[in-house]
Amino acid sequence: MHNNSQLSRHRKIPPLLAERSDGIGCRTRQTRASSCTATGQKQELQVNESWSSVIVKDPRCQFKRAFCSLLPFWLVGSRYLAQESPFAAMARKDYAAEKEKCKRFLQEFYTEDDNGKKVFKYGAQLVALAHREQVSLFVELDNVAEEDPELVENICENAKRYTGLFADAVHELLPEYKERDVVAKDSLDVYIEHRLMMEQRGRDPADTRDPRNQYPPELMRRFELYFKPPTTTKPKVVRDVRAESIGHLVTVRGIVTRATEVKPMMAVATYTCDQCGAETYQPIQSPSFMPLVMCPSQECVTNKSGGRLYLQTRGSKFVKFQELRIQEHSDQVPVGNIPRSMSVYARGENTRLAQPGDHVAITGVFLPLLSTGFKQAVQGLLSETYLEAHCITLMNKTEDDELGNEELTDEELRSITDEGFYEKLAGSIAPEIYGHEDVKKALLLLLVGGVEQAPKGMKIRGNINICLMGDPGVAKSQLLSYIDRLAPRSQYTTGRGSSGVGLTAAVMRDPLTGEMTLEGGALVLADLGICCIDEFDKMADADRTAIHEVMEQQTISIAKAGIMTSLNARCAILAAANPAYGRYNPKKSIEQNIQLPAALLSRFDLLWLIQDKPDADADLRLAQHITYVHQHCRQPPTHFTPISMKLMRRYIALCKKRQPVVPESLADYITAAYVEMRKEARVSKDTTFTSARTLLSILRLSTALARLRMMDSVEKEDVNEAMRLMEMSKDSLQADKSSGKRTQRPADVIFSLVRELATEGVAGRGGAGGVVRMAEAEQRCVSRGFTPAQFQEALEEYEELNVWQVNQARTRITFV
Amino acid sequence: MPSTPDWINEPLAVVQGLFASSQNGPSSEWEAKAVEFFKDRLKEKDAHTWVPSLNDVPLHYLKPNSLVKFRCLIQDMFDPEFYMGVYETADPATKTKELRCGKYRDVTECGVRQQVDYNSRNTVTAERQTFYCVPIPGENAWVKDSYAGSSQARVVPSTSYAPSRQKRSYEEDDEGDDMDTQPQKQREPHSGQYQHGNGDCKRLETEAPSSQVGSASHLDLNFPLPGEKGPSCLVKVYEDWDSFKLNDTLEVYGILSVSPALSALADEKDASSSFLDPSESMETAEEQRVHSPPASLVPRLHMLYAKMLRHNNPLLPSVPLEDNSACKEELLSSTLRDMPSVRTELLSFFTHVLLGDALAAEYLILHLISTVYSRRDVLPLGKFTLNLSGCPTAASFTERLYRIIQQLVPSSFYLGMSLQNMNRMRLVPKKDYVANRLVSGVLQLASNTSLFLDETQLEPGQLDPTGVSNVTALGNLISWQKVDYDFNYHQMEFSCSINVLIASEGRSLLPSDCQVHLQSQVPPPHMEDYMSSIPLTAQLNKLRLYLSVARLLDYSISDEVTKSVEDDFVDMRKDDPQSVSADDLHRMLVVARLLSLSLGQTSLSRDSWHRAKHMEELRRSRVEQHKSVNGNEP
């Protein structure tokens, strides 16, 4: 475009010019700037100030000499082209008064610190600005609201104009805040200083105008002014920013899809004339401009000397400029639509804040970009729009998810936490999949997660890992994909499709720079979330080992291509695997069936075998379920309405904030239960592993349960339920064996448990032979996965058989 | 035939008239009135056939700013644009001002010596949405011809071109078509073009200098399928654009805008765009090219009215489904009566084509009338992907089969799953952030398109990452009827309803709902002669109509039958729990549904259920025989 080509062409600085004093004529030229054309809004353009002609006398020679080492040419005269103020409101407002308001705010706003001392927030910043120690000034609209709520409204609706007003106010205030001389930082500072001095010297004493007025304000200012939106405004979705938002201060969220290089953009072009040496200024507000060619100075015009203007790079002002393109998040897009995008112009200090792929919230003024020249004539009907950035904040995706934003209302809380909420929540997981209540409960706990512990540098993970095994076609993948969608942060991958590198991290060579970069795999991307791995068994052995570390240490260590590092992978793993022979073969051991190494299996807190067993009742219910779906094209009505995914997510997020602890009093109970489990494992030659990891699993599950109840400490019921789940998961693996040998009714098992307890009592604690305390017995049974109801049933049954007696108060069982 | 009415030739005059009258009167509802006006006009008998269609009339025969229609698929949605809904023109000489309406146009219009007053306070900014539309991908030649044949639009060609084509009935040109429908993309236009009579062939000749060269050299019109032709269009939508979804098929009635100024604009930008300029960097040259291509290649269409198309079968009236239900009833009842007989005909035809295998023929019918009728959460209901295994590789059996399917369904696509294709082709649409558009892929298809996957072309070799992701995409499409479009930073799910037919030698590597092993009754040497017979056009039309109607029928299951189905299932599980699972029940219910529909029955009878069960048993026993030994597979 023009300005750059122009630059290169006029790189040569013209030779020193004749010293001539000159009166300078003035001309007004209106450059179309961004003007507001909101729907139905009347448009009004204003010319800033009526043009006054300024005569600048030639400064004396000595003066010139003194500075000639700094200045490439003599500053002889000056002019600039008037710029209309970009904004016009519906009703003509008294903007001078508004400016005073801004000024007053900047001067007078203060907060009180802890000692009750007044802190002038903006005053301090103004001092920094005056000394060139700070570049950008953020006016927080929250602060403005404290002083003048009406002003905030005006600012939000007419942001561009108020940016100008505030900038003017700051500009006028700065000299008052200047406490000492400032050392010039760059050539432009020197220029500004000189220009001011020149003007003062050459000023007509009769002229009382403020000297700074003679130059375009943009040229003399070295600060940038931005607004910070009030915290009460909600970020909008890109597609909601419509024509009526034009000119308003809006906040949008999205993902950056493109960011250009930061380039200098001309803010004020400075020209010198090769004939008279006068300087001409041209403030630029539109993206393109037409360079001036002929010198408009009085002298050149009257003499018809045909003075040519040359662009002065050093005398011009440039600002950093970057253009971003943001696109709305995928969850904000209605189904079947393409995500919308928006252009954002970032200037000055707002550049280089975001990179492609970043999630950002950008506050800015939504403005139309009117085309000029031929394009305008042709396409006059259209206008492009952009967002002039004021404030860019990076946010990471988990934070900005809707769920965290609002607290659950009491009503919603009540709807969740009423009777049987545990079953209800579990049932709301994949409601379209029939049955599998315990599996769903386990998945619910996986979503909530246990409490992570890190005593003295040792880290014990809180995430719960679950492996689902099962015959083909038992909806494992559906459960996985449901969890994937429900979890706020998750990755879904299949064992077959992902290599070890795809799961952990890969070292890539950047195609552009040739640098080695580390690219995270699924497990890294799922950090603080859930990683669902389907077809776990199909993974190559070498790849599977990569998971070992993740599953216990929750990190991934990389030593590749000279990059040695450790990445966080604090994710819960939900794996699904098919049995090795297509179907689960009850005659073989678990390892043979699953073909996964024991080291890996023990890292799963829960292993579920979902088997497809014929059962007339269940089959009928299944059939009813499926036919209903086909008949009515929707879910069959259930006895409860499943909780919506969104509510679930928010509830789970709420639960995760709790950090329940295991109280001292429960420690013995848990230890005893663990010892019991170990003993049993030895006796029954258990094929699963009962190791120290099991104990940790129980703790994790119980803390997760406590979280789910929104409690700060684990209770006995939580531990019992955790052990019950463990038991059930083991049962699911062994069910076939036991059913092959003999069918044991729960009552029988409970009986044998109680008898065991009775003999234990004799041997260990010296209790009266054959007497068992009821509470103890019940606890034992419950920890084995029986419900209290079953226990009571068994109790009565055997009482009737006269095997044992229960005392009146029902506290003791005595064997006959 | 009456001469073309003004509202077709000069729709903008109508709009301007309504606008002007609204300015005087108090009513401000002129926008709705304008839309109503055109809707009413189009409702008149046959009125819509007078409107020339962009699909079959070359662009340069159409009058700029006239009403045209376009049968298309929404391929991409651009960002909304702001335009001057009302603008003012001023005559500097007389100082008179005039308000004009900027709706439905791209370029401001003003009289001699008038100027547009950009700073007028009467300017109203409004918003409109742009969709990038392409002709329905994979639309078969007979559909195009038939639509073209029914058009009564009076397009006056500029030169010696004789518009006989517009009137030609379908029968005249089918001899030409039957022979060479398959490789129609590569087909060379030959001398006998009048007999040949394919719409886009002619366009190919007439437009060769402009569009062919243009599109080949620098402008990719972004058709989902390779080798597609026809105009693509930027459709500007003024009302209610949220109701349109990506991949919807529409018939758009709108005002054609091909102002050369639009192209001049693009050129000007091109010339002036320097890579260093900050303003131009916002819209890269590439983006510019995509979003405002030359109007001669990609015309603009300002939508007045759009009709969602539930099908694109020209033999079936397109409007009636909601409006004149009497007509629909009549049509339905007549076809319903015929359905069993047509079905027998079709069955015998397919049996013949499938080398004498009646069971495979039955399943092929079911497959062709299947459609996703509902989605239960993630699970699509009603999909019926057929894997035809045991296809002979000799005598290009699969190509012939596809050619026959092509003759029967409105839109279809043949994808040879050769290694090269899988590694090279772009199946999944991808967002191109540089040009800011959705680069189309083969899987961006309209609903109910038949996708024919030829796995017999697969040979051993290495799939590269593209190939792997392509196969995954196909797998997802089959099991979930959705395609994950690649948006670089994330993926977006778009659900679809595509009938996938996989022809393979053994069991396909892709999942499928139903696998039928072909049992040829014909010795291989005779195959070629055996397959080369095709029914006559009239008969073909009957079959085509049958397939489309069967798909649109409603269907229900009574409680009574439900009960017996449930009991049946429990019994089956009792007998053989290992081989009957929930998935099987799902499939059997779908088979039963399709079977009933294919017979023209709109509810499930016990009879059909048993028949479906029987078919399934036959099929399963056949699959058992050919089961390859693969321990890990279900």
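**Figure 1. Surroundings of Glu399(B) in the predicted model.** Glu399(B) touches Tyr414(B), Asp454(B) and Gln457(B), when residues up to four places away in sequence are not counted; a contact here means heavy atoms within 4.5 Å. This glutamate is found in helix α15 of chain B, which covers residues 397–408, where helices (H or I, at least four residues) and strands (E, at least two) are DSSP runs, numbered from the N terminus. Glu399(B) and Phe452(B) are 53 residues apart along the chain, and their C-alpha atoms are separated by 9.6 Å. The structure is a predicted model, in which local features need pLDDT of at least 70 and side-chain atom pairs count only at pLDDT 80 or more, while totals for chains, interfaces and linings use all residues. Residues are numbered from 1 along each chain as its sequence is written, chains are lettered from A and ligands numbered from 1 in the order in which they are written, and side-chain values use heavy atoms, with hydrogens and water left out.

Figure 2. Strand β16(A), residues 466–470, is mostly covered, since 5 of its 5 residues are buried; buried means under 20% relative accessible area, exposed over 50%, and partly exposed in between (1.4 Å probe, protein chains only). Ile466(A), Leu468(A) and Gly470(A) are buried on one side of the strand, and Cys467(A) and Met469(A) are buried on the other, and in this way both faces are covered. For Cys467(A), the relative accessible area is 0%.

**Figure 3. Helix α30 of chain A and its buried face.** Helix α30(A), residues 788–800, has 13 residues and reaches 18 Å from its first C-alpha to its last, close to the 18 Å expected at 1.5 Å a residue; the expected span is 1.5 Å times one less than the number of residues. Its buried residues are Phe791(A), Ala794(A), Leu795(A) and Tyr798(A). Seen down the axis of α30(A), these buried residues fall within an arc of 105°, so they line one face of the helix, the arc being that of the directions from the helix axis to the C-beta atoms. Ala789(A), Glu793(A) and Glu800(A) are exposed on the other side of α30(A). Just after the helix, Asn802(A) takes a positive phi of about 65°.

Figure 4. Lys101(A) forms a salt bridge with Glu98(A), and their closest N and O atoms are 3.3 Å apart; a salt bridge is a side-chain nitrogen of Lys or Arg within 4 Å of a carboxyl oxygen of Asp or Glu. Both residues lie in helix α3(A), residues 95–108, where they are 3 residues apart, about one turn of the helix. An α-helix has 3.6 residues a turn, so residues three or four places apart point the same way. Lys101(A) is partly exposed, with a relative accessible area of 23%, whereas Glu98(A) is buried, with a relative accessible area of 8%.

**Figure 5. Two salt bridges that link distant parts of chain A.** The side chains of Arg239(A) and Glu328(A) meet in a salt bridge of 2.7 Å, N to O. Arg239(A) lies in the loop between β7 and β8 and Glu328(A) in the loop between β12 and β13, and this pair, 89 residues apart, links distant parts of the chain. Both Arg239(A) and Glu328(A) are buried. A salt bridge also forms between Asp605(A) and Arg700(A), whose closest N and O atoms are 2.9 Å apart. Asp605(A) is buried, and so is Arg700(A).

**Figure 6. Cys273(A) and the cysteine sulfur nearest to it.** A search of the whole structure finds 0 disulfides over all chains, a disulfide being a pair of cysteine sulfur atoms within 2.5 Å. Cys273(A) is therefore in no disulfide, and the nearest cysteine sulfur, that of Cys295(A), is 3.5 Å away. Cys273(A) is buried, with a relative accessible area of 0%.
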